[in-house]
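Me: I would like to learn to read a structure feature by feature. Please take me through this one.

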Amino acid sequence: MDPSSIEGSAAVLEQEPAFWLRRLHNLSVLLWKNLPGTSNLGVTPVQGAILMLIRENPGVTQAALARLVSVEPPTLKQALDPLVERSLVIRTQSSADRRRAALTLSDRGVTLCLDIVGGAANHKQLVFGALSPDERDQLRDLLRRAVGGAEQTLRRGTDD
């Protein structure tokens, strides 16, 4: 295959917003892994978000947390279990309903979460530093609208 045709085929992708979203996601994860202060925390960006949400919502159930993160419960469990195993998150069984467990952070989890919050500010600057504050707000709003539209489409597709 002619190398110039390979380069030319990438131009098709560059017209697709999903390509840029995926590229930004990949770069965001790489920057998180290499960011001083977060690289040695041993948590993924998703796990960091989980810790922050539990800190903001102590006693949240796993099902409610899955809804907050917008993932299926089994997907959340994959990210949450290592945090429980490391004693960063504590699961406490509900006395009223044994199928439910309240999630809280341990003291170690709180300390780690505070480190993550500090690292997240640096991470946001690295990922979005090329945008003005107004552009960041606009991008967030556009992405929120796109997500809402896609979720609505999925709901309509499953309601049939």
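Me: Which residues does Ile50 touch, not counting residues up to four places away in sequence?

Reply: This is a predicted model. In it, Ile50 touches Leu65, Val69, Leu76, Ala79, Leu80 and Leu83, leaving aside residues up to four places away in sequence.

Me: Which residues have the most contacts inside the largest nonpolar core?

Reply: Ile50 is one of them, along with Val43, Leu51, Ile54, Leu83 and Val89. This core has 21 residues. The elements giving two or more residues to the core are α3, α4, α5, β3 (101-105) and α6 (107-128).

Me: Which element gives the most to this core?

Reply: That is α5, with four residues.

Me: Let us step back to the fold. How many helices and strands does the protein have?

Reply: The protein has seven helices and three strands. Along the sequence, the pattern is α-α-α-β-α-α-β-β-α-α. Of the 160 residues, 22% count as buried. Look at contact range too. Among contacts with a separation of 6 or more, 52% come from residues 24 or more positions apart.

Me: How are two packed helices described?

Reply: Two values are used: the angle between the axes and the distance between the axes. Now the case here. Helix α4 (residues 62-69) packs against helix α5 (residues 73-85) at an angle of about 100°, and their axes are 9 Å apart. Angles of 65 to 115 degrees count as roughly perpendicular. α4 and α5 are therefore roughly perpendicular to each other.

Me: Which residues meet where α4 packs on α5?

Reply: From α4 come Gln62, Leu65 and Ala66. From α5 come Pro73, Leu76, Lys77 and Leu80. By class, this contact of α4 with α5 has five nonpolar residues, one polar and one charged.

Me: Why look at residues three or four places apart in a helix?

Reply: An α-helix has 3.6 residues a turn, so residues at that spacing point the same way.

Me: Which residues of α4 are buried, and what covers them?

Reply: The buried residues of α4 are Ala64, Leu65 and Ala66. Their cover includes α3, β1 (60-61), α5 and β3. Check the end of the helix as well. Ser70 follows α4, and its phi is positive, near 65°.

Me: How is a pair of aromatic rings described?

Reply: Take the distance of the centres and the angle of the planes. A search of the whole structure finds one aromatic pair. The rings are those of Phe19 and Trp20, with centres 5.0 Å apart and planes at 80°, so the pair is edge-to-face.

Me: How does accessibility class Phe19 and Trp20?

Reply: Phe19 counts as partly exposed, at 28% relative accessibility. Trp20 also counts as partly exposed, at 44%.

Me: Is Ser28 buried or exposed?

Reply: The cut-off for buried is under 20% relative accessible area. Ser28 has 17% relative accessibility, so Ser28 counts as buried. Ser28 lies in helix α2. Leaving aside residues up to four places away in sequence, Ser28 touches His123 and Val127.

Me: Where is Thr44?

Reply: Thr44 sits in the loop between α2 (17-34) and α3 (45-56). Its relative accessible area is 38%, so Thr44 is partly exposed. Thr44 and Lys33 are 11 residues apart along the chain. Their C-alpha atoms are separated by 7.8 Å.

Definitions and conventions
Residues are numbered from 1 along each chain as its sequence is written. This is a predicted model: local features need pLDDT of at least 70, side-chain atom pairs count only at pLDDT 80 or more; totals for chains, interfaces and linings use all residues. Side-chain values use heavy atoms; hydrogens and water are left out. Rings of Phe, Tyr and Trp (its six-membered ring) pair if their centres lie within 6.5 Å; planes under 30 degrees apart count as stacked, over 60 as edge-to-face and the rest as tilted. Buried means under 20% relative accessible area, exposed over 50%, partly exposed in between (1.4 Å probe, protein chains only). Axes are lines fitted to C-alpha atoms, for helices over the stretch in contact, and angles run from 0 to 180 degrees between N-to-C directions. Angles under 35 degrees count as roughly parallel, over 145 as roughly antiparallel, 65 to 115 as roughly perpendicular and the rest as oblique. Contact means heavy atoms within 4.5 Å. Ala, Val, Leu, Ile, Met, Phe, Trp, Tyr, Cys and Pro count as nonpolar, Asp, Glu, Lys and Arg as charged, and the others, Gly among them, as polar. A nonpolar core is a set of buried Ala, Val, Leu, Ile, Met, Phe, Trp, Tyr and Cys residues joined through side-chain atoms within 4.5 Å.
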